[in-house]
Amino acid sequence: MKNSRILAGLAVCFAVLAKGDPTPPLVRPPDISFQHEVEHAIDKGVQWLQSNQNTNGWWSTADQPAVTALALSALMGEPSGQLRAHPPAGVERGYKFVTDHAKPDGSIYEKGLANYNTSICMMGLLAAQNPQYDPLLRKARQWVITQQVGGGGVGYGDHGDRSDMNNTFTALQALYYSKYLAPADTTASGAKDLNWAGAIQFIQSCQNLPGYNKQPWVSDDPKDKGGFVYYPGNSKGPTVTNAEGRTALRSYGSISYAGLLSYIYADLKPDDPRVQAVYDWLRNNYTLDENPGLGQQGLYYYLHLMTKALAIYGVDQLPVKGQTVDWRRDVAMKLINLQKADGSWTNANGRWWEHDPALVTSYSVMSLEILYRGL
């Protein structure tokens, strides 16, 4: 089961495929006509990314190589595979920019957000499927493992930082997709492995699930059951105070998808009550009009994590309030309708950098690439 889930995930995560692993067959006949529409939107997005790269190889900012890694991941996942097979000069410059930021300790960053940058850069390097990056990836993998703190989670990587769900998710994602590079015998090699039980405990400590999470802030409102908050005691969503003065934290959309993905990367099975609870919360709060609990804040990240999570979870038709939803077609149409004439995407709400067209276009192109493979 574990290996089959890894293969399924590799197939849907913007072409990050372990060498020699076959792409799993589609679960239904492909919709050729709609695939062409999605492919057209991908092509426009790819063209925009290629046209808006700095001559020094980076996108958006030289201070955060993660943005460049996201753009590279989007380019490497385009359906024809031509950019990966025959990288143009811009792609080569982009990869040189990322690798030039690798530190002697294995981290990959410029100014702050060391774990976030390293984990996302690992995904960009994995997307290239180029063995020349394997030594750098092994070193980065070991560095990410060292970023786990006593509570089991991972933070931004800054001095004195605390863990949160999003950084834990990005770290687990990078470790999950790079596990083929891990030594078979960690004792003989001296390599470390993550404390996976500790990671699961941290993930659980961020979930609104009475019975598994006994912290006083956990909401007992059925509307919140199973969803996630940013870190224990803190939610980017609203808080609710009852008549007795007890404050509960509300679950919200993007971080709940990060929670589902984190459980999957930690190898919890679909029938685990914690996994089933977050999946049920996500079904019950399914919408493409907003990031549930946050409105337009982080909308494109929400759609991106939704696409990753439902694809790797193996959902074809999503049961929502007594009906089944063709979520792939719905998300694809949402992104197609939001694409600008020049091929880019951007969010009118700038929370979490979503004013940045390079970031949001990368999210959107990667999402469409995953959707394309499932249509």
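How do the residues of the lining of the largest cavity divide into nonpolar, polar and charged? In this predicted model, the lining consists of ten nonpolar residues, four polar ones and one charged one. The cavity itself holds about 120 Å³ of space, and the structure has three cavities of 30 Å³ or more. Lining the largest cavity are 15 residues, and the closest to its centre are Leu70, Ile120, Gln173, His304 and Lys308.

The chain as a whole contains 15 helices and four strands. Of its 375 residues, 56% are buried. Among contacts with a separation of 6 or more, 69% are made by residues 24 or more positions apart.

Once neighbours within four places in sequence are set aside, the residues in contact with Gly45 are Gln339, Gly343, Trp345, Thr361 and Val365. The C-alpha atom of Gly45 is also 9.9 Å from that of Leu368, although 323 residues separate the two along the chain.

The aromatic residues come next. A pair of aromatic rings is described by the distance between the centres and the angle between the planes. The structure holds ten aromatic pairs. One of them joins Tyr95 and Tyr133, with 5.4 Å from centre to centre and 25° between the planes, and is stacked. This pair links distant parts of the chain, 38 residues apart: Tyr95 is in helix H5 (residues 89–99), and Tyr133 is in the loop between H6 and helix H7 (134–146). Tyr95 and Tyr133 are both buried. Elsewhere, ring pairs connect Phe169, Tyr176, Tyr177 and Tyr265 into a cluster.

Charged side chains also meet aromatic rings. Lys103 lies over the face of Tyr109, 5.3 Å from the ring centre. Arg351 places its charged end over the ring of Trp352, at 4.2 Å from the centre of that ring.

Most residues other than glycine have a negative phi.

Gln129 is another case. Its phi is positive as well, at about 50°, and this residue is not a glycine either. Gln129 sits in the loop between H6 and H7, the loop that also contains Tyr133. Gln129 has a relative accessible area of 27% and is therefore partly exposed, whereas Tyr133 is buried.

How values were computed. Residues numbered from 1 in each chain as written. Predicted model: local features only at pLDDT ≥ 70, side-chain atom pairs only at ≥ 80, totals over all residues. Heavy atoms only, no water. 1 Å grid on protein atoms, 1.4 Å probe; cavity = no way out; pocket = protein on both sides within 12 Å on 5 of 7 lines; lining within 4 Å. Points joined across faces, edges and corners; volume = space filled by probe spheres on them. Nonpolar A, V, L, I, M, F, W, Y, C, P; charged D, E, K, R; others polar. Phe/Tyr/Trp six-rings, centres within 6.5 Å; stacked < 30°, edge-to-face > 60°. Helix = DSSP H or I, 4+ residues; strand = E, 2+ residues; numbered from the N terminus. Buried < 20%, exposed > 50% of the residue type's maximum accessible area, 1.4 Å probe, protein only. Lys NZ or Arg CZ within 6 Å of the ring centre and 35° of its normal. Contact = heavy atoms within 4.5 Å.
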